[in-house]
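Please have the viewer open as you go through the points.

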Amino acid sequence: TTGIITFMIGLSSIMSWAMAFTGIPDMIANAILGLTTNKYLILLLINVLLLVVGTFMDVTPAILIFTPILLPICKSFGMDPIHFGNLSIGTITPPVGTILFTGCRVGGTTIESVIKTLLPYFAIILIALLLVTYIPMLSMFLPKVLGLV
């Protein structure tokens, strides 16, 4: 199990290097800003981008590549870095889904049977993502109360 997980993380790291080398993150940032100046549409586009990236790439390389590109865009629209948590959603979705594959291996079950059960939860997770994106107080309440922001 450890070998499979390490192999998947290694492939994700190679993919992240290739993306950085070819300049794909810069092209994505320019494309997002070139499409619209509407704050809400840009936040939606960033969410979609991070969901797709999180699905195909491990979280650590994705954060290292996309945060320097997307963080200034988000800050210019008043979005807090806490909102980048949607990359973690990819850890429970195929094809990379390291947590999903690990859980299935430990539980002795198949991906196919687990995915059928998880589909309603994926819908709830996406709704929660939209709520956190467009109602910042939902994700910022606790950090503000604790004096972290």
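**A helix pair and a cavity**

Ile28 is found in helix H2. Keep in mind that this is a predicted model.

**Around Ile28**
- Leaving aside residues up to four places away in sequence, Ile28 touches Leu49 and Phe66.
- Ile28 and Leu70 lie 42 residues apart in sequence, and their C-alpha atoms are 9.2 Å apart in space.

**How H2 packs with H4**
- Two packed helices are described by the angle between their axes and the distance between the axes.
- Helix H2 spans residues 24–35 and helix H4 spans residues 59–76; their packing angle is about 20 degrees, and their axes are 9 Å apart.
- Angles under 35 degrees count as roughly parallel, and H2 and H4 are therefore roughly parallel to each other.
- The crossing of H2 past H4 is right-handed.
- On the H2 side, the contact involves Pro25, Asp26, Ile28, Ala29, Ile32 and Leu33, which meet Ile65, Phe66, Ile69, Leu70 and Ile73 of H4.
- Ten of the residues in this contact of H2 with H4 are nonpolar, none is polar and one is charged.

**The cavity**
- Searching the whole structure turns up one cavity of 30 Å³ or more.
- The volume of the largest cavity is about 30 Å³.
- Its lining is made up of Gly54, Met57, Asp58, Val59, Gly90, Thr91, Val96, Gly97 and Thr98.
- By type, the lining of the largest cavity has three nonpolar residues, five polar and one charged.

Note on methods
Residues are numbered from 1 along each chain as its sequence is written. This is a predicted model: local features need pLDDT of at least 70, side-chain atom pairs count only at pLDDT 80 or more; totals for chains, interfaces and linings use all residues. Side-chain values use heavy atoms; hydrogens and water are left out. Axes are lines fitted to C-alpha atoms, for helices over the stretch in contact, and angles run from 0 to 180 degrees between N-to-C directions. Helices (H or I, at least four residues) and strands (E, at least two) are DSSP runs, numbered from the N terminus. Angles under 35 degrees count as roughly parallel, over 145 as roughly antiparallel, 65 to 115 as roughly perpendicular and the rest as oblique. A crossing is left-handed if the near helix is turned anticlockwise from the far one by less than a right angle, and right-handed if clockwise. Contact means heavy atoms within 4.5 Å. Ala, Val, Leu, Ile, Met, Phe, Trp, Tyr, Cys and Pro count as nonpolar, Asp, Glu, Lys and Arg as charged, and the others, Gly among them, as polar. On a 1 Å grid over the protein atoms alone, a cavity is a set of points where a 1.4 Å probe fits but cannot get out, and a pocket is an open set with protein on both sides within 12 Å along at least five of seven lines; lining residues have an atom within 4 Å of a point. Grid points are joined across faces, edges and corners, and a volume is the space filled by probe spheres set on the points.
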